[in-house]
Amino acid sequence: MPLSATLEAIKAYQQQLEKNKIKPDNLPPCPRCLVESAFFKEHAYRDRKFLVIIDMLVKTVLSALLRFKCPGCGKTFTYYPNFALPHKHYTRQTLTHFSRAYVQNPEATYQKATMVDGSLPGYPDDQQTLAPSSIHRFISSLSRLTTSSQKAIDLVLQENPASAICRNIANQRVPRQKFKSKARENILVQCLRFFEIETLFQHTFKTSIFTKLAIRWEFS
Ligand SMILES: [Zn+2]
């Protein structure tokens with residue numbers, strides 16, 4: 001699993017953006033006036049700083065996010081490329097890599113899950129490193145993608161009614177030492193389930209829940 005989006009992927013997206021090749025089709029219809037997203041107009045660019053991890057160093061890459069506007073009512077929608085998540089500077093690949101390292105390993109602690117081959121991804125300018133508390137937050141964010149998860153389950157079952165997806169997610173358990181409250185246990189279980197669903201969704205549709213569903217159901 002990659003530690004972050006690549007510089008090349010962000011550059012390729014930036015080029016598409018500059019050539020006006022980003023289309024609003026994956027966005028949801030306007031919830032206010034039901035205009036289909038294909039009719040949305042480009043509205044504004046917002047500069048965005050992304051953090052990528054290259055050779056164990058956390059580096060800043062500047063890019064932009066595009067907002068579209070509904071011609072019916074003026075509501076605006078942000079288009080998230082497949083490495084970007086709302087309110088996060090780290091890329092989607094970083095969130096999923098480190099969250100998986102914690103939730104999918106029963107022995108993991110947040111400290112251990114932050115390590116890659118025995119060292120911590122750090123910032124070049126100072127002594128700071130990726131913090132274990134960041135991983136705690138990444139997991140909370142991913143656990144909230146419940147609408148996309150449910151849509152993904154529905155689509156997988158439509159495609160393959162015999163899929164074991166429901167049995168697999170019902171079997172996800174988190175070791176007792178990883179939580180002190182019921183609320184945190186639920187978050188960890190949701191995150192584990194999300195990864196299980198994402199794996200089966202990728203296997204079935206050769207694409208990610210993030211690009212196919214989250215942009216439509218959770219992000220804008
Ligand atoms: Zn509208």
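The confidence that the predictor assigns to each residue, on a scale from 0 to 100, is called pLDDT. In this predicted model, the protein averages a pLDDT of 93, and 100% of the residues score at least 70.

**Exercise 1.** Determine which elements of the protein have the lowest and the highest mean pLDDT.

**Exercise 2.** Identify the donors of the zinc ion and classify their arrangement.

*Solution.* Begin with the donor atoms, which are the SG atoms of Cys30, Cys33, Cys70 and Cys73, lying 2.2 to 2.3 Å from the zinc ion. Along the chain, these donors follow the spacing C-x2-C-x36-C-x2-C. Next, take the angles that the four donor atoms subtend around the zinc ion, which run from 96 to 121°. Four donors count as tetrahedral if all angles lie between 85 and 135 degrees, and the arrangement is therefore tetrahedral.

**Exercise 3.** Decide whether Cys30 and Cys33 are buried or partly exposed.

*Solution.* Buried means under 20% relative accessible area, and partly exposed lies between that and 50%. Cys30, with a relative accessible area of 0%, is therefore buried, whereas Cys33, with 32%, is partly exposed.

**Exercise 4.** Describe the surroundings of Arg100 and its charge pairing.

*Solution.* Arg100 is found in helix α2. Leaving aside residues up to four places away in sequence, Arg100 touches Met1, Asn105, Phe195, Glu198 and Thr199. The nearest side chain of opposite charge is that of Glu198, 5.6 Å away, while a salt bridge requires a separation within 4 Å. Arg100 is thus buried yet has no salt bridge.

Key: Residues numbered from 1 in each chain as written. Predicted model: local features only at pLDDT ≥ 70, side-chain atom pairs only at ≥ 80, totals over all residues. Heavy atoms only, no water. Donors = N, O, S within 2.8 Å, 3.2 Å for Na, K, Ca; no water. Tetrahedral: all angles 85-135°; square planar, octahedral: opposite > 155°, others 65-115°. Buried < 20%, exposed > 50% of the residue type's maximum accessible area, 1.4 Å probe, protein only. Helix = DSSP H or I, 4+ residues; strand = E, 2+ residues; numbered from the N terminus. Lys, Arg positive; Asp, Glu negative; His and termini not counted. Contact = heavy atoms within 4.5 Å.
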